[in-house]
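User: I am new to reading protein models and would like to go through one slowly. Could you give me the general idea of each feature and then show me the case here?

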Amino acid sequence: MAAAADSIGTVTESDAPPGDSAAARRSGLSTVQLDVLLSELLTRVGDVTSGRERLRGLLHAVVSIGSDLRLPGVLDRIVAAARTLGHARYAALGVTGPHKTIVGFHTDGLTPEEAARMTGQPTGDGLLGEVIRHERIVRLADVTRAPGFTGYPAGHPVMRGLLAVPIRIREQVFGALYLADKHGGAAFNEDDEEVIAALSAAAAVAIENAQLYQLSNRRQRWFQAAAEITNLLLGTVDPEAALHLVASRARETGNAYLAMVVLRDHATADRLTVEVAGTAEGTFELAGAGLRLTGDALGQVVTGRRSAIVHDLGTATDWPIRLRTGPAVIAPLATTETCHGALIVASAPASPAGYSSEDIALLESFAGQAALALERARAQQDRADLAVFEDRERIARDLHDLVIQRLFATGLRLQSAIHLTARPEVVERLNLAVDELDATIRDLRASIFQLHRFDEDGLHHAVREVVDGAAPGLGFRPALTFSGPVESLVPERLRPQLLAVLREALSNVSRHAGAGRVEVSLRAEADQIALAIQDDGVGLRSEESAGGLRNLRVRAERLAGSFTITPVPDGGTRVEWRVPLPGAEPDAATG
């Protein structure tokens, strides 16, 4: 039984029925299919897991790029997230400028050595620009074999695989995301494309928010600057201080490299003057330069009272020096009645930054406030001049009606007293006293005439302008004094000679003296005019070393006058130019 049981329970391959071998084969096939199914299931699980990780990474990237409102920081976060999500070695975000050209890049993945070797960046003229110009996604296994490939800039790393996705903000393409060389040497696939496209959509929102935040900050800064100008309008306005304030606030608020205030000379109508020109480092050498008002970009702004944008300020007009900048805005300093000139802000040379219509509108509003400040300053100056004029009229009237009449009456009494004495010494003294009174009356009448002359074209004004013009070269303003009836006694033909002498003497002091103080005095005496310039500088080794001062001697001799150079005991030099007035000596030919 046991043997029988054993034989029954044990089945050998020879004892098995013929159909049982097929069942065994089916059992082995089922095992193979199960392995395949399990492998496929594991692959799909891996894909799902990878997809979840990518989705989690995408969500994390969206949160990350939305957490910063500074535009440069947002762009850096976007390009770093794109490289991570695309499993790429390199990533870049190209920012577009005018005419859909690439004006700047934010990169991620470049080593310091690779970045140092690059001497230039793509401009978007070739394949990279296709993404922006045609607003389409580009995915290539080898970019170097693409028809539109134009080569790499000098020092640029060689890259093969490319995935490029445009970043579109409403109706405008802001730029594009570029991924290169996927890890492992694989080509970018549709999944990569979908993820980066989703990231670019989120990036567009973050960039727009950052731009709005940036615009809000710019508006606030311009409004604060305009409020400062408005506060200036409420008090006494110093024209020079107002101009410097306008230029400095325009440069700081507009993040500009250079700011200038150019004013129109309303007397000549065809001249402009650069009143203020400054950079972050200090005063620019254009300050004080004179320009002609022509039909160039600057002239059109001043005459047409409409703002203009130029790509380089050097092309805006014929500057007296070589000038090169980045994009610049020229806004008119205009009120409802007149245009006083222009306010100019310019970015640094080779700067990709441009100016939007919003920037122009803010600058125009600020320029309007600045024009009001200038107009108020001029109105205050006119009122001050009028007050001075009225005061001078009152003084002149008092001198004529009271002082001169009393002196004249005193002279008459003295003359009548001469007949009452026979002593010669008394007669002589009385005659001298009468002569002195006559001379005093003549001086007073000359002074009255001078008080009546309140003309900006007068000699006083011209001399002050020359002295003020020497201040930048000296580093300080020379002290100036007048003595005697300068306006009435100095004839028109002598004035150009006098001003030329003063200008040349001050220029010589500025170049050679190293002075810390300069005193200018102009005296009108009975028979001559005397101009003296004294400094506390290093002095002159000899009269011949004065160089240009020899011209001053020639000018004096041509006018039958004299020119002297004398050392100052405490250090320094005194030069004095004297010429006779008409009637004192025969006229000489002017030089």
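User: How many helices and strands are there in the protein?

Analyst: The protein has 14 helices and 17 strands, where helices (H or I, at least four residues) and strands (E, at least two) are DSSP runs, numbered from the N terminus. This is a predicted model, in which local features need pLDDT of at least 70 and side-chain atom pairs count only at pLDDT 80 or more, while totals for chains, interfaces and linings use all residues. Residues are numbered from 1 along each chain as its sequence is written, and side-chain values use heavy atoms, with hydrogens and water left out.

User: What percentage of the residues count as buried?

Analyst: Of the 591 residues in the protein, 39% count as buried; buried means under 20% relative accessible area, exposed means over 50%, and partly exposed lies in between (1.4 Å probe, protein chains only).

User: How are two packed helices described, and at what angle do H11 and H13 pack?

Analyst: Two packed helices are described by the angle between their axes and by the distance between those axes. Helix H11 (residues 459–474) and helix H13 (residues 495–513) pack at an angle of about 15°, and their axes are 10 Å apart. Here axes are lines fitted to C-alpha atoms, for helices over the stretch in contact, and angles run from 0 to 180 degrees between N-to-C directions. H11 and H13 are therefore roughly parallel to each other, since angles under 35 degrees count as roughly parallel, over 145 as roughly antiparallel, 65 to 115 as roughly perpendicular and the rest as oblique.

User: Which residues of H11 and H13 meet?

Analyst: Residues of H11 including Val463, Val466 and Val467 meet residues of H13 including Leu498, Leu502 and Leu506, where contact means heavy atoms within 4.5 Å. By class, this contact of H11 with H13 has twelve nonpolar, two polar and two charged residues; Ala, Val, Leu, Ile, Met, Phe, Trp, Tyr, Cys and Pro count as nonpolar, Asp, Glu, Lys and Arg as charged, and the others, Gly among them, as polar.

User: Which residues touch the most other members of the largest nonpolar core?

Analyst: In soluble globular proteins, nonpolar side chains tend to be buried together. A nonpolar core is a set of buried Ala, Val, Leu, Ile, Met, Phe, Trp, Tyr and Cys residues joined through side-chain atoms within 4.5 Å. The largest one has 38 residues, of which Leu502, Leu506, Val518, Ile533 and Trp577 touch the most other members. The largest share of this core, eight residues, comes from H13. Leaving aside neighbours within four places in sequence, Leu502 is in contact with Val463, Val466, Val467, Val520, Leu531 and Ile533. Apart from this core lies another, of 30 residues, among them Leu75, Ala81, Leu93 and Ala206.

User: Which residues of helix H5 are buried, and what covers them?

Analyst: In helix H5 (residues 127–134), the buried residues are Leu127, Gly129, Val131 and Ile132, and their cover includes strands E1 (88–96), E2 (102–108), E3 (138–140), E4 (162–169) and E5 (172–182).

User: Where is phi positive in a residue other than glycine?

Analyst: Most residues other than glycine have a negative phi, and most peptide bonds are trans. Asp181 has a positive phi, near 60°; Asp181 is found in strand E5 and, at 16% relative accessibility, counts as buried. Arg305 also has a positive phi, of about 55°, and is placed in the loop between helix H8 (297–304) and strand E10 (308–310), where Arg305 counts as partly exposed at 33% relative accessibility. Glu135, which follows H5, has a positive phi near 50°.
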